[in-house]
Amino acid sequence: MDVNGCNIRLRDFNRIVFFTGAGLSAESGIPTYRGRGGVWHQYNYEEFACQMAFDRDPEKVWDFHDVRRARVAACEPNLAHRVIAEAQQGNPRTAVITQNIDGLLQRAGCRSVVELHGSLWRVRCSREGIVREDFSVPFRPRRCSCGAYWRPDIVWFGDMLDSGFLEAAMKALSECDLLVTIGTSAVVYPAADLPHYAFARGVPSIEINPELTIVSHLYTYSLRGKASETLAALW
Ligand code: OAD
């Protein structure tokens, strides 16, 4: 299958890195952040997605995250999530690095996902730092038994990324034989820098996005298309 001049077949590669952003889940019905109808057009992150907002008004921040939990819980993984999961199930050397917090890759069957920006489905005690999974919608109780608020275990604006996740991502990109980047605007750092570890090694790289991005020219193939149909065609 030749997709816009790209005759790569994903099955022929041994160490693929899938690097994904919000566009991967767009076809599942989850809005992206910056495009039309994007989350950050509707909500000011300074009121809903940063530590200062949480310190000021945790109930308001939790209300926002409960809305997001409900929205994501009502959505299903799409074909693109399933292709990635199939690739990883068939070859455990396949690395999946995501900026998404929705958990849809895991629901599609991915066994190992580097969640650079955390997860909507984990909470962290804001006093003791204990982290636990929680899939309830809405999330209750909002306070830990120690009395402090649970906080979404998400990398909000101004937060540091987990160094272990970053190192795992850099390692995978330093070893991959193909990079497939799907549905990210590549404007949020340090995540946006990660593909450079693969570019520097000269391995083939594919970008899948209906729109041109500021890094499209760096990819061997920059494919204008939706995640599901393009990935399925390349698979
Ligand atoms: P953005 O909303 O910035 O970009 C989404 C990208 O997906 C855009 O380039 C779209 O063109 C593309 N897109 C839309 N529909 C698509 C489809 N069907 N198939 C493929 N691509 C499609 O989202 P991210 O780049 O993921 O951080 O944003 C990065 C981070 O910024 C997020 O992780 C989030 C946000 O603040 C946190 O929440 C911590």
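Start by selecting Thr94 and Asn91: a polar atom of the Thr94 side chain sits 2.8 Å from the backbone oxygen of Asn91. Keep in mind as you click around that this is a predicted model.

Is Thr94 buried or exposed? With a relative accessible area of 5%, Thr94 counts as buried, because the cut-off for that label is under 20%. To see its surroundings, show Ile16, Phe18, Ala87 and Gln88, which Thr94 touches when residues up to four places away in sequence are left aside.

**On to the sheet**

Select residues 16-20 and 95-98 next. These are strands β1 and β2, which run parallel and are joined by 4 bridges. Click Phe18 and look across to β2, where Val96 stands opposite.

Now colour the whole sheet. In what order do its strands come? Reading across, you get β3-β2-β1-β7-β8-β9, an open sheet of 6 strands with parallel pairing. The edges are β3 (114-115) and β9 (221-223), each of which pairs on one side only.

**Helices on the sheet**

Select residues 79-90 to bring up helix α6. Helix α6 lies across β1, β2 and β7 (178-182), and runs at about 150° to β1. Then select 163-175 for helix α8, which packs on the sheet and touches β1, β2, β3 and β7. The direction of α8 makes about 130° with that of β2.

**Empty space**

Rolling a probe the size of a water molecule over the atoms shows where empty space is left.

How many cavities of 30 Å³ or more are there? The count comes to 2. The largest cavity has a volume of about 70 Å³. To find that cavity, select its lining: Ala22, Ser25, Ile30, Pro31, Tyr33, Arg68, Val72, Asn100, Ile101 and Asp102.

The largest pocket holds about 1000 Å³ of space. Of the 45 residues lining this pocket, pick Ala22, Thr32, Tyr33, Arg34 and Ser185, which lie nearest its centre.

Methods
Residues numbered from 1 in each chain as written. Predicted model: local features only at pLDDT ≥ 70, side-chain atom pairs only at ≥ 80, totals over all residues. Heavy atoms only, no water. Pairing = 2+ DSSP bridges. Helix = DSSP H or I, 4+ residues; strand = E, 2+ residues; numbered from the N terminus. Contact = heavy atoms within 4.5 Å. Axes fitted to C-alpha atoms, helices over the stretch in contact; angles between N-to-C directions. Buried < 20%, exposed > 50% of the residue type's maximum accessible area, 1.4 Å probe, protein only. Polar contact = N/O pair within 3.5 Å; in protein donor to acceptor, adjacent residues only side chain to side chain. 1 Å grid on protein atoms, 1.4 Å probe; cavity = no way out; pocket = protein on both sides within 12 Å on 5 of 7 lines; lining within 4 Å. Points joined across faces, edges and corners; volume = space filled by probe spheres on them.
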